[in-house]
Amino acid sequence: MERGVKECCGLNFKSVSFAELFLNKTMLFAYLLLAIGVVGWFQLYGLRFGHEFVNTTTLVDAGGNHAKIMAEALKEQIFGMHHIEEVPRTEPWGIFVAQYTYLLYGGSALIFLVALAELLNLHISHKASAAMMTLGIAMALGGMTSIASDWGNPLNIYYMILNPQPHSGMWMMLPLYSIYIPFTFIEIYFLMTNKREIAKKLALPLVVIGLGIDVAEFYIQGILFQLNEPRHLWTNFPELWVYFLITGALSGIGFALIYAGLALRNKDWYEELKAVLRKAGIAAIILVAAYETVTGMGHLEGPFKTMYYGYIALGLVLPLLLFLIKQDVLAGISIAIGTFSARELFVYGGNAHPMTDRFGTGFEATTTYGLSDVEKLVYDAPHTMEILVIIGALGLGIAIFKLLDTLLDVSNQPH
Amino acid sequence: MANYAIALEYQNCIDCRACEVACKDENGVMLGADKQRIWVGAVEGGKTLADLFVNFYPSQCNHCIDAPCVTVCPTGASHFVEGGIVKVDYDMCIICKGCMEACPYEARFVDETRHAVDKCTFCDGRIQEYGTTACSATCPTKVRTFGDLEDAKSDIRKTLENREFFVLKESEDTLPKLFYLVPEDKKLRERTMGEGIKVHKWSEFAPKYEKATAKRREEWKEA
């Protein structure tokens, strides 16, 4: 055993100082992102629970002696005050859900790809599996932070246990992630453990079960969106879970390439890893491009057009060209940006068509002051605080990965 | 057991919004233009100056028999109570906003004062005492007729049996319980009802609703 390494439960833990663990360059970068996130979280929870007008004003309050509140209430009633309206009813899900789907599907699909590589017994997977799987789970946890921020009252989550709703796609996440996250850590454990004999015996069943759980996860995610039947742009995706899986794979490959370029470039197997990721990336791009021909969001106008072309250009076309000239890390960066645009397009695009053409005579305004504001497409840009929060969620994912990497040295597993 | 609904003589609406104010007062709904349990939609029409008009469409939660908001709720906060009323248990809501995405009518909103998603309850506390909702009681032009679909003697049943009506977004198969009465004036009908809206009579419509109600009734909790 190397010096400075302690074995515990079959894992080798590095003995590192406080500074090595918490004050390395990656962690400092993560702190920066987290600090940005903290500003966002502070603003977000301040609005939800501490804002005087939002939290106290009912008709009775406004009719009391609070002249200022009454004036604000009248202003709000007549003109709306969008800066204090965190959730417009026209667009309930926004950037938090986009970030959730981006990081969680990307991370889960990366874990799926690693399990697939293990099943196919790819040579490179024996060296990079632990690191890639840890990256995948860190991304997934970052995504979950984003969705936890989206829920306005997550303290009531225990009702998901007390009052099970198996018909709800969102409820199905509870049993799913209760299994998925511990199972992924078990997979990582057996990739890194010193108990090689047991690991070899369990390798195949673990990989097969892991693939099954990954597919189940994407299937349930597909149900979650497709249960929203009036959102026809979500329901017109054939086999939505397949779309999530292949676009998630593309995001995951993008992140894996960035990580490889930053942390693995000194390894003697770096070129081999990049070659595998390149091939997987090209395959994912072709699959996603084929899928895009049957989805319905490309025709949306306005800001959706920008998201769509941002996604096509940065998520598909540019990385394909970069792969062809073997600029793999640049391709990874382009994919990471482009696929975020894809998730934005998916989430915001699903809400793009207003629900208010109920009588077939046109979209309704809910106030006669706003008759001229009625639009054919709905897009409420995210608040600054929401953008700050999703940056923080990304920072948390990076911090989780780096802590695990520093303690367990996942990047240097002999397998 | 009652199955509450509302028939709307929407051609009578004058956009006075007394219903909105009554609703906010009766139910303590937070202020805000976007924070409404009940609202009047307005659509401009006409091509020339001589022809300009505005249609007013009073609306609220449809208390659908097959309510998609109940199906998607992960905690059971959205649920049915006696009378087929769809309600939200504020103490159970995590504000995931799944119900808002699933509702075809945009009938739900986040009430920050309650820290939960909120929506119309058909004034379920009030109807026990006064027999009707605040919006119905307040309306100066008697747009709304609230009542029990299963009571053949109720005003709503008599109205529906004597008039043609339509429901909103019928293709979504949610079986909504806001029944919009077709205007008797032909010109008004053409002006306020778009193409593709199916007009119904109660005799042909009732069996479908009764069958669906019987199927979901076991989910109705005590109010």
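**Reading the fold, the sheet and the interface**

Among contacts in chain A between residues at least 6 apart in sequence, 78% join residues at least 24 apart; two residues are in contact if their C-beta atoms, placed from the backbone, lie within 7 Å. This is a predicted model, in which local features need pLDDT of at least 70 and side-chain atom pairs count only at pLDDT 80 or more, while totals for chains, interfaces and linings use all residues. Residues are numbered from 1 along each chain as its sequence is written, and chains are lettered from A and ligands numbered from 1 in the order in which they are written.

Q: Where is confidence lowest in chain A, and where is it highest?
A: The quantity to read is pLDDT, the predictor's confidence in each residue, from 0 to 100. Where pLDDT is low, the predicted coordinates should not be read in detail. Chain A averages 90, and 98% of its residues score at least 70. The lowest mean, 72, belongs to helix H4 (residues 59-62) of chain A, and the highest, 97, to helix H15 (residues 328-350) of chain A.

Q: How many helices and strands does chain A have?
A: Helices (H or I, at least four residues) and strands (E, at least two) are DSSP runs, numbered from the N terminus. Chain A has 16 helices and two strands.

Q: Why does the radius of gyration of chain A agree with that of a compact globule?
A: The radius is taken over C-alpha atoms, and the globule rule is 2.2 Å times the number of residues to the power 0.38. For 415 residues the rule gives a value near 22 Å, and chain A has 23 Å, which agrees. Along the principal axes, the C-alpha atoms of chain A fill a box of roughly 75 × 45 × 40 Å.

Q: Which way do strands E1 and E2 of chain A run, and how many bridges join them?
A: Two strands pair if DSSP finds at least two bridges between them. Here, four bridges join E1 (residues 5-8) and E2 (residues 11-14) of chain A, which run antiparallel. Cys8(A) has Leu11(A) as its bridge partner.

Q: What phi does Cys9(A) take, and is Cys9(A) buried or exposed?
A: Most residues other than glycine have a negative phi. Cys9(A), in the loop between E1 and E2 of chain A, has a positive phi of about 55°. A residue is buried if 20 or more other C-beta atoms lie within 10 Å of its own, exposed if 12 or fewer, and partly exposed in between, with C-beta atoms placed from the backbone. Cys9(A) counts as exposed because it has 9 such neighbours.

Q: In what order do the strands of the sheet in chain B lie?
A: The open sheet has four strands in the order E8-E1-E10-E9 (chain B), with mixed pairing. Its edge strands, E8 (144-148) and E9 (165-166) of chain B, each pair on one side only. Strands E1 (residues 4-8) and E10 (residues 178-181) of chain B run parallel and are joined by three bridges.

Q: Which element of chain B supplies the largest share of the side that touches chain A?
A: In total, 56 residues of chain B are in contact with 53 residues of chain A. The largest share of the chain B side, six residues, comes from E2(B).
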